[in-house]
Amino acid sequence: KAEFEPKGAFIHELTNGINYLLVNVVNPPLNKVDARKAISLAIDRDAIIAGVFKGLQTKATSIVPPPFKAYYQAGVCDVCDKPDIPRAKELAAKAGLTPGTKVNLAYNTGAGHEGWVQAIQQQLQDNLGLKVELQPFPFRELLQKESEKSATGLFRAAWSADYPSAENFLFPLLSKNSLPPGDNRGRYQNAKF
């Protein structure tokens, strides 16, 4: 940015994609909604954006990103905006996610994700007392690990739309009809959805 912005050759635009933590919602220790909310509330996204990404990322509060103006709704996730450590600890205790609980955090190697997953590891350890184990894998192996029935914990994930539609996020990532071998590797299911 410092080199190219003065020359008018630096472009910083919102994209049609998101990076996120995929959570396995079926297997412990994150199979309870309060445990997942606690994880989210224990993460300081602004600190990661400022420290790791030097301000060059934008925090997501919805699975559908802002460039999809007809579908984007800011703040859909009420536990994604600001950290709330007291509430995170309360929800973690309620869900049985006690200090010392081991949580896996898997990510793909060779793509520059080490810094931000390490920041998340540190925040979850500092803020909730969890024992977060980083698990680096080649990308293909990471996708296989996410899809296993025994998968647990958190996985570094990303999604970009092929078409300018909210459905291009919602169906593949959250639909019951997209369960593995499809892209709903977190195994989210909701009859109303």
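Predicted model: local features only at pLDDT ≥ 70, side-chain atom pairs only at ≥ 80, totals over all residues.

A contact is counted when heavy atoms lie within 4.5 Å.

**Exercise 1. Determine what share of the contacts between residues at least 6 apart in sequence joins residues at least 24 apart.**

Step 1. Take the contacts in the protein between residues at least 6 apart in sequence.
Step 2. Among these contacts, 71% join residues at least 24 apart.

**Exercise 2. Characterise the burial, the surface and the charges of the protein.**

Step 1. With buried meaning under 20% relative accessible area, 39% of the 193 residues count as buried.
Step 2. The accessible surface comes to about 10,800 Å², and carbon and sulfur atoms account for 53% of it.
Step 3. The protein carries 23 positive and 19 negative charges, whose mean positions are 5 Å apart.

**Exercise 3. Which residues are linked with Asp 46 in a network of salt bridges, and which parts of the chain do the pairs of Asp 46 with Lys 59 and Lys 82 join?**

Step 1. One of the pairs is formed by the side chains of Asp 46 and Lys 59, at 3.1 Å from N to O. Asp 46 belongs to helix H2 (residues 45-51) and Lys 59 to the loop between H2 and helix H3 (85-94), so this pair ties together parts 13 residues apart in sequence.
Step 2. Asp 46 is partly exposed, with a relative accessible area of 33%, and Lys 59 is partly exposed at 21%.
Step 3. Asp 46 also forms a salt bridge with Lys 82, with the closest N and O atoms 3.5 Å apart. Lys 82 lies in the loop between H2 and H3, and this pair links distant parts of the chain, 36 residues apart.
Step 4. The network of salt bridges links Asp 46, Lys 59, Asp 81 and Lys 82.

**Exercise 4. Classify Arg 185 and Asp 183 as buried or partly exposed.**

Step 1. The side chains of Arg 185 and Asp 183 meet in a salt bridge at 2.9 Å, N to O.
Step 2. Arg 185 has a relative accessibility of 13% and counts as buried.
Step 3. Asp 183 is partly exposed, with a relative accessible area of 29%.

Note on methods:
Residues numbered from 1 in each chain as written. Heavy atoms only, no water. Buried < 20%, exposed > 50% of the residue type's maximum accessible area, 1.4 Å probe, protein only. Areas by Shrake-Rupley, 256 points an atom, 1.4 Å probe, with all protein chains shown as cover. Lys, Arg positive; Asp, Glu negative; His and termini not counted. Charge placed at Lys NZ, Arg CZ, Asp CG, Glu CD. Salt bridge = Lys/Arg side-chain N within 4 Å of Asp/Glu carboxyl O. Helix = DSSP H or I, 4+ residues; strand = E, 2+ residues; numbered from the N terminus.
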